[in-house]
Amino acid sequence: MKRLTPAPRPVKPDFDPLVDYPTDIERIVTAAANLGFKVTLRDAAELWRRHAGEVCASWFEVEGSDQDIVATLLKHAEVQADEDDLPAPPTGYPSWLDFAVDTMEIRAEVSCPPNFVFQRSRRTIDTTRGRTT
């Protein structure tokens with residue numbers, strides 16, 4: 001049986017903070033940068049909108065120290081490592097994901113349907129012809 005769930009609603013703002021509050025958005029981006037975080041103008045606007053939305057406000061004036069502003073942003077944000085902060089993947093691998101996939105051990109019995117073709121470790125295994133390329 002198929003499951004029916006509500007579809008996500010697109011956010012339809014009644015105003016655009018980038019147009020209506022450009023000084024506030026610049027202040028948020030600057031505060032984040034001063035504490036070592038990169039945030040786009042659009043993401044800064046969305047994070048501050050979520051902060052204001054907690055109390056059913058459409059917007060709050062941006063006030064306080066850099067630490068206060070960033071602490072507010074962190075309540076609504078995910079901190080992700082910048083690609084520049086990650087060490088390079090091992091030699092011979094274009095990414096850490098490729099390295100992880102190639103070095104993991106898979107110990108599972110898999111029953112493939114007829115005419116099933118899958119790819120693992122940069123080799124294609126074609127079950128219809130019983131060969132590896």
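How do the axes of α2 and α4 cross, and within what distance do they come?

First, what we are looking at. This is a predicted model, in which local features need pLDDT of at least 70 and side-chain atom pairs count only at pLDDT 80 or more, while totals for chains, interfaces and linings use all residues. Residues are numbered from 1 along each chain as its sequence is written, and side-chain values use heavy atoms, with hydrogens and water left out.

Now the overview. The protein has five helices and three strands; helices are DSSP runs of H or I with at least four residues, strands are runs of E with at least two, and both are numbered from the N terminus. Starting at the N terminus, the order is α-α-α-α-α-β-β-β. There are 133 residues in the protein, and 19% of them count as buried. Buried means under 20% relative accessible area, exposed means over 50%, and partly exposed is in between, using a 1.4 Å probe and protein chains only. A contact here means heavy atoms within 4.5 Å.

Back to the opening question. The axes of α2 and α4 cross at roughly 100° and come within 9 Å. That makes α2 roughly perpendicular to α4. Axes are lines fitted to C-alpha atoms, for helices over the stretch in contact, and angles run from 0 to 180 degrees between N-to-C directions. Under 35 degrees counts as roughly parallel, over 145 as roughly antiparallel, 65 to 115 as roughly perpendicular, and the rest as oblique.

Who meets whom there? From α2 we have R27, I28, A31, A32 and N34, and they meet D66, I69, V70 and L73 in α4. Sorted by class, this contact has six nonpolar, one polar and two charged residues. For the classes, Ala, Val, Leu, Ile, Met, Phe, Trp, Tyr, Cys and Pro count as nonpolar, Asp, Glu, Lys and Arg as charged, and the others, Gly among them, as polar.

Please zoom in on D66, in helix α4, residues 66-74. Is D66 buried or exposed? D66 counts as buried, because its relative accessibility is 18%. Its side chain makes a polar contact with the side chain of R27, at 2.7 Å. A polar contact is a pair of N or O atoms within 3.5 Å; within protein, one must be able to donate a hydrogen and the other to accept it, and residues adjacent in sequence count only if both atoms are side-chain atoms. Not counting residues up to four places away in sequence, D66 touches R27, A31, N34 and L35.

Let's bring in α3. α3 and α4 pack at about 80°, with their axes 9 Å apart, and are therefore roughly perpendicular to each other. L47, W48 and H51 of α3 make this contact with I69, T72 and L73 of α4. It has four nonpolar, two polar and no charged residues.

The remaining pair is α2 and α3, which pack at about 100° with axes 9 Å apart. Here I25, E26, I28 and V29 in α2 meet L41, A44, A45 and W48 in α3. By class, that is seven nonpolar, no polar and one charged.

I25 sits in helix α2 and is buried, with a relative accessible area of 1%. Setting aside neighbours within four places in sequence, I25 is in contact with P17, L18, L41, A44, A45 and W59.

Finally, the core. A nonpolar core is a set of buried Ala, Val, Leu, Ile, Met, Phe, Trp, Tyr and Cys residues joined through side-chain atoms within 4.5 Å. Which members of the largest one touch the most other members? Of its 16 residues, the answer is I25, I28, V39, A44, W48 and I69. Helices α2 (22-34), α3 (41-53) and α4 each supply at least two residues of this core, and α2 gives the most, with five.
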